[in-house]
Amino acid sequence: MFNLSNRTASAVRALQRLAAGMATAAPRIGDTKVPMSLHEKGAFINYQRIEDNLAIVRGRLNRPLTLSEKVLYGHLDNAHYQDIERGVSYLKLRPDRVACQDATAQMALLQFMSAGMDTVAVPATVHCDHLIEAQVGGVKDLERANKINKEVYDFLATATAKYGLGFWKPGSGIIHQIILENYAFPGGLMIGTDSHTPNAGGLGMIACGVGGADAVDVMADIPWELKCPKVIGVKLTGKIGGWTTPKDVILKVAGELTVKGGTGAIVEYMGSGVESLSCTGMATICNMGAEIGATTSLFPWNKRMADYLNATKRPEIAKYAESFKHNLAADEGAEYDRFLEINLTELEPHINGPFTPDLATPISKFAAEVKKNGWPEELKVGLIGSCTNSSYEDMSRSASIAKEAASHGLKTKSKFTITPGSEQIRATIARDGQIGVFEDVGGVILANACGPCIGQWDRQDVKKGEKNSIITSYNRNFTGRNDANPATHAYVASPDLVTAMAFAGRLTFNPLTDTLTGADGKEFKFSAPNGAELPPRGYDPGENTFQPPPADRASVQVAVDPKSDRLQVLQPFKPWDGKTPEDLPILIKVQGKCTTDHISAGGPWLKYRGHLQNISQNCLIGAVNAENGEANKVKNQLTGEWAGVPQVAADYRDKGIKWVVIGDSNYGEGSSREHAALEPRYLGGLAIIVRSFARIHETNLKKQGMLALTFADPADYDKISPSDKVSILGLENFAPGKNLTLRVKKQDGSTQDIALAHSFNEGQIEWFKAGSALNLMAAKAKARAAA
């Protein structure tokens with residue numbers, strides 16, 4: 001019942017304060033305390049920081065802001081003095097949280113252990129998803145992984161417990177799905193040690209893939225540096241429906257922008273078409289934005305996000321975001337550096353590939369492309385799931401296709417695998433019957449893990465080198481990515497198309513127009529897929545696989561066996577000796593595409609992610625040598641003999657000779673794996689000199705004390721011969737914005753000077769001089785302790 005006397009007393013007190021010049025302050029967004037997650041009761045969403053920072057930034061910039069600018073600038077370390085210029089300035093940011101997958105977490109935690117701190121400065125989690133190899137099925141594969149990876153899992157479990165991180169055990173699911181279900185929130189800023197961290201953009205969070213060294217910085221309470229991104233706007237109109245899915249939006253965008261088109265930019269979606277996308281569908285689009293090189297992608301706050309937050313037991317966050325929605329959408333009149341528009345009503349389903357995620361073909365033209373290019377028409381395997389497409393909606397739609405095929409007496413002609421994205425998804429689709437439908441038509445349910453998407457696939461149906469085709473609902477399809485077979489033609493599509501094609505057994509099948517023959521001999525055409533966006537009976541959490549940090553962390557001992565071939569405590573790299581590097585050999589001149597998969601292969605090498613010496617034996621073994629057109633075969637300039645890249649690099653290092661790599665465009669695109677930077681550094685490399693870098697890899701190289709340099713004129717790449725010797729001039733005056741000089745000495749003794757550009761700032765130059773960012777961090781920690 002309303003209490004009039006209380007209300008009157010409050011009014012009197014307010015009048016008294018007004019009379020005394022002490023007016024009641026207006027309520028602030030920060031007065032409401034909402035936990036960031038159900039697992040971290042003491043960590044709260046900090047919308048007040050965003051509100052305060054944006055008040056300062058608006059006063060300085062005096063212009064409308066895009067959504068991504070609001071979220072990014074809202075997390076500035078110092079909004080008063082931060083230079084803000086898209087594509088130019090380096091922002092110092094304070095992320096809300098850090099997420100690490102188990103392959104990269106090993107090195108990140110080993111580095112954090114060297115930083116001299118006893119607890120992480122922000123909420124952080126580790127997720128065991130990368131080390132589970134797909135062989136026969138989820139249960140047995142998980143059992144096998146637990147045995148094989150026991151020492152790694154023990155290390156991660158004890159290190160997270162020691163330093164205050166949450167730990168998601170093997171079988172819990174893929175990092176990005178777990179983050180979406182438990183930790184992502186609108187307006188947040190997160191970094192993660194996996195390139196598909198942007199998946200959280202489906203819940204309005206700026207989430208960026210980084211190397212482990214960046215994660216260590218943030219966990220050690222050091223601001224995260226990011227070159228101020230440009231902003232690409234994508235306006236969605238119309239309404240999605242039929243066979244067209246959110247996956248087709250990003251497949252279309254990838255075709256428009258290419259693997260380089262998003263580099264240095266955030267892709268921001270908007271428009272009335274957004275209303276027809278589910279929250280998990282928006283996450284799919286953001287996830288695969290990594291394939292166009294984007295810093296991240298995100299969507300504005302909307303009802304579908306609220307529905308998902310409510311379904312995942314986070315109604316307080318949904319309510320809080322609604323009260324903050326003025327900062328969870330772009331300002332009217334905000335300007336974009338590039339703008340695309342896609343009519344969802346007219347958008348066709350697409351298939352992208354082979355060998356690159358930006359070769360986009362509408363389904364209506366795909367069969368003709370298969371025949372024209374001589375791609376293998378027989379479809380060997382269809383694979384659905386992964387972090388990109390394993391939502392309840394995805395699984396329900398695919399199950400509707402499988403159920404219709406089963407009603408006509410069909411089983412899949414191609415092998416068919418299903419990867420649930422999380423234990424929660426697996427348990428829910430087991431309860432609701434989708435798993436039963438998949439198994440009835442011949443599908444194999446894999447573990448709740450990355451599996452074939454990252455090359456963790458013990459594939460036995462084709463021989464290495466055998467030309468064949470597979471189609472997946474994954475995000476990445478570079479050569480050899482899924483099965484380490486360079487002859488495998490891998491295509492990326494929606495789970496709907498993958499499932500339908502698995503019943504046809506051929507790439508030329510178009511489920512929108514073509515028919516199949518049922519067991520009764522009658523032809524039928526698939527109906528458009530259908531499925532619930534969210535489970536009508538709610539999510540089943542399944543088995544509890546989360547380990548929170550213990551109350552008493554002081555007594556925890558981190559498990560690292562000195563004799564292990566999987567884990568190795570790091571030794572600091574040597575600082576720059578202050579001398580001009582002269583007459584350095586070129587280890588390899590890389591020809592064409594060189595992703596982080598080429599530099600540091602995944603698959604079987606993942607088990608050595610915590611052992612730098614061992615994993616360095618895969619350094620650049622996938623890169624093509626311009627001198628002979630072959631991979632992992634380079635000439636040792638000291639002996640004249642040909643050998644593997646890691647062997648020649650180690651020989652130079654052991655003889656005290658530094659070396660350089662010459663690379664092509666977008667060098668280091670793909671996964672965020674920092675091992676692709678650690679390995680060249682460990683093997684004695686000084687500089688990587690290329691036409692252009694992928695963003696994350698460039699930063700990773702700098703963190704490890706390497707010179708990441710670009711040709712001021714990209715055409716100068718062609719002036720370098722693999723047999724040349726090079727000197728790098730100007731390091732004694734190394735400064736931001738000031739070019740260095742590459743002096744090239746030919747075999748005949750003649751020389752040529754070439755200008756080298758770089759993006760080092762003052763702090764990054766200090767990393768180089770100290771030998772690595774970690775060296776500098778440890779030195780500062782030691783100085784503070786001694787003060």
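Are phenylalanine 416 and phenylalanine 438 buried or exposed? Both are buried. The model they belong to is predicted.

## Overall build

The protein chain has 24 helices and 32 strands. Its radius of gyration is 27 Å, close to the 28 Å that the globule rule gives for 787 residues, so the chain is as compact as a globular protein of that length. Along the principal axes, the C-alpha trace spans about 90 × 90 × 55 Å.

## Inside and surface

How much of the chain is buried? Buried residues make up 60% of the 787 residues. The accessible surface comes to about 29400 Å². Carbon and sulfur atoms account for 50% of that surface.

Charge comes next. The protein chain carries 86 positive and 86 negative charges.

## Aromatic pairs

How many aromatic pairs does the structure hold? The count is 19. A pair of aromatic rings is described by the distance of the centres and the angle of the planes.

Now return to the opening two residues. The ring centres of phenylalanine 416 and phenylalanine 438 are 6.0 Å apart, and their planes stand at 75 degrees, so the pair is edge-to-face. The cut-off for that label is a plane angle over 60 degrees. Phenylalanine 416 lies in strand S17 (residues 415-419), while phenylalanine 438 lies in helix H16 (residues 434-440), so the pair ties together parts that are 22 residues apart in sequence.

Elsewhere, Phe503, Phe509, Phe524 and Phe526 form one aromatic cluster.

## A closer look at glycine 171

Where does glycine 171 sit? Its place is in the loop between strand S6 (166-168) and helix H7 (175-182). Glycine 171 has a relative accessible area of 8%. Buried means under 20%, so glycine 171 counts as buried.

Which residues does glycine 171 touch, leaving out those up to four places away in sequence? They are Cys128, Ile132, Leu142, Glu423 and Asn448.

Glycine 188 is 17 residues from glycine 171 along the chain. The C-alpha atoms of these two glycines are separated by 27 Å.

Definitions and conventions
Residues numbered from 1 in each chain as written. Predicted model: local features only at pLDDT ≥ 70, side-chain atom pairs only at ≥ 80, totals over all residues. Heavy atoms only, no water. Helix = DSSP H or I, 4+ residues; strand = E, 2+ residues; numbered from the N terminus. Rg over C-alpha atoms; globule rule 2.2 N^0.38 Å. Buried < 20%, exposed > 50% of the residue type's maximum accessible area, 1.4 Å probe, protein only. Areas by Shrake-Rupley, 256 points an atom, 1.4 Å probe, with all protein chains shown as cover. Lys, Arg positive; Asp, Glu negative; His and termini not counted. Charge placed at Lys NZ, Arg CZ, Asp CG, Glu CD. Phe/Tyr/Trp six-rings, centres within 6.5 Å; stacked < 30°, edge-to-face > 60°. Contact = heavy atoms within 4.5 Å.
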